[in-house]
Amino acid sequence: MKIYLAATAALSLLLSTVGSSAQVAATAFNSAPDLAYEAVPNFFKAPAGDYMGELQGVATNSKGQIFAFFRGPNTRLWQFDQNGRFVREIGKDFYGFMFAHSVRIDRHDNIWTVDEGTNVVTKFNPDGTKVLMVIGHRPSQADGPYATPKGPNPPDEKYTLCRPTDVAWDQQDNIFIGDGYCNNRVVKYDRNGKFLAQNGGPAPGKGENQYNLPHGLQVDHQGNVYVADRGNARYVVLDNNLKWKTAYTQYGSAWSDCISEGPHQYLFMSNSNPNGNAPGSWKIGGQIYKAELDGTVVGKFGHAGKLAPGFQVVHMMDCRNPNSIIVGEIESWRMQKFVLKGSK
Amino acid sequence: MKRLATLLLAAAALAMPAAAQELGYATSQPLTLPHDTFFGMAAGVATNSKGNVFVYTRNGEPTVTLGGSRTFAHGGSSLYEFAPDGKFIRQIGKQVYGFLAAQQVRVDSSDNIWVVDRYSSMVMKFAPDGRQIMLLGRKPESVDVPSSPDTGRGTPPGSGSASDLFQSPTDVAWDAAGNIFVADGIGNARVAKFTRDGVFVKSWGSRGTADGQFKTAHGIAVDAGGNVYVGDRGNSRIQVFDNDGNFKSSITSGGDPEAICITPGAHQYLFSSNSNPANDLDRGGEIYKLELNGTVVGKFGQAGKGPRDFGSVNAIDCRSANSLYVAEAGNWRVTKVDLH
């Protein structure tokens, strides 16, 4: 009887998962043109005998050097050159690294990491030899190991982050942080790390000025903020003062976004296939969308798949060059490079 | 329900051959590790087409972090490769995210190395050169200490979830077309089938004693015809399914199977280890050699710590039908067994 009940529960859970996945099937899916693309096979070369883990963060600097922030047995930050050759590890055993979530490079080539294990955002200098700033603070070791908060969310204090997800900057170097898995807000700090504003709050919600896991964010050259509101499957657009402007709801699961550099900026969005990959989800998810900043679709490329060049849950994209996309995937422990060839 | 299980167990015990022929055998321990390196619990052993030997062992300290948003566990198990003569070649994957608690290693027909980890609940495929090329399942982001059976994601343990997430998986096997069969395992009690590209096809089984149910799906092997043999540890039987998971028969002549293996070649044999529990050296421990239909060819060995004994065998490699490797979880060693 117990088994029967459990099986029923499992079935209903399964059905609801499939149902929500289907809803997330991105209404842009059928209408968006397919972009021609090529995967660059085995572009990234790890040091002999070493391995990357869950690929949470990928970013390039202005020289085209590539940074990977991943969850191995320890959380690690690796630098590669423009040709995918390993250069060095940055921040080995660093106090702010425990459970990687994002790496981004600002317009001065400083390296920023977001760690949702230590709840700390760290700014390194471009060489990765100095820590220039930390935002948030790490919980006390004396509190022991504790699991992810499941109950009421902790208060959204100005300077305490709770499993933060991502970081971005405007042209004045103000800092924007997605915070995160247990708070549900976007926070704005000035260039020196002083609190300026927030949008959202500790509790999740699906209305305007609410979030259900702000999982990634980017800022365009005008200072607008684009938030991947994963739990609500939408991309929220805020102005520079975090006032609500609009939301794009047609691009699927809203795991991660990326805004390209250059005079004509594009918005890339990942309809990452869900964790757990409920049967059927392979057919409806995984692709990356390219859009104008106003939300008009340009096209899509890629698909879910456990073997390269498929996507096994895209977690972050680098799109500094909108025709050369680097993709980090969680569940394949893989970083891939794709060259976009334009519309088919 | 419990009474029925007991009856079934008793029936299985009665059905066990009282006088299976004793097979002659010799044992040796040819694998040599570098100085100051030792096997811990020897969980998995497998050979590739060149005769190289792979061992997946729990021989480290799984570490759990303090001062963070979660209880994060890492480390604890190692994968080693040896030459056919037993000389150490290398460690593979010292820095692999999913190596926590070794459960099994298998090598497919293309010499890819597949690692099954019980605590990370992952099946990891490595190319012969050690490159990681495919992953099934996902390591839980946070673990409970001590571990609870439902650590991780997915549906309730034992419910037969149709998902590609595992809970304490135990073993992996392939058919000739490359389809992947995962015994999942201890937390779940089911078999999950994937295409060779890792696309989930279906799963079957749940916790129970009826045909097609498992106490624990503890070992898995596929014969040349694509039939799937599942070691149903706790129910003292090896269940045979067709390639789509339809129940065909139960083999009860191989004891309570902790580890199973099917030989390649024209005439295939099925080995089954009636492994002794870790806390009991006074019963079981013998390994059965069977025809695929369950007919007993013979048996060898017994529980113990001596050179000709076996201590809780967790894996059998039977690429050569007369020259086996067994991984002894209880004796922290890998033994080569030559049958004659």
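Predicted model: local features only at pLDDT ≥ 70, side-chain atom pairs only at ≥ 80, totals over all residues.
**Confidence.** Start by colouring by pLDDT. The complex as a whole comes with an ipTM of 0.87 and a pTM of 0.90 from the predictor. Chain B averages a pLDDT of 91, and 92% of its residues score at least 70. Now select residues 4-15 of chain B: pLDDT stays under 50 there, and the model has 10 contacts beyond four places in sequence for this stretch.

**The core.** Next, go to A68(A). Together with V45(B), V55(B) and I220(B), A68(A) has the most contacts inside the largest nonpolar core, which has 170 residues. Leaving out residues up to four places away in sequence, the partners of A68(A) include M52(A), L55(A), W78(A), F80(A) and M335(A).

**Cis peptide bonds.** Most peptide bonds are trans, which makes the next two stops worth a look. In chain A, zoom in on the bond from A308(A) to P309(A): it is cis, with omega near 5°. P309(A) lies in the loop between β21 (297-301) and β22 (314-321). In chain B, D184(B) and G185(B) are joined by a cis bond with omega about -15°, and G185(B) is in the loop between β13 (180-184) and β14 (190-194).

**Positive phi.** Finish with D109(A), where phi is near 70°, in the loop between β6 (100-105) and β7 (111-115) of chain A. Is D109(A) buried or partly exposed? D109(A) counts as partly exposed because 14 C-beta neighbours lie inside 10 Å. Then select D111(B): phi is near 70°, and the residue is in the loop between β8 (102-107) and β9 (113-117) of chain B.

Conventions
Residues numbered from 1 in each chain as written. Chains lettered and ligands numbered in written order. Core = buried A, V, L, I, M, F, W, Y, C linked by C-beta atoms within 7 Å. Buried ≥ 20, exposed ≤ 12 C-beta atoms within 10 Å, placed from the backbone. Contact = placed C-beta atoms within 7 Å. pLDDT = per-residue confidence, 0-100. Helix = DSSP H or I, 4+ residues; strand = E, 2+ residues; numbered from the N terminus.
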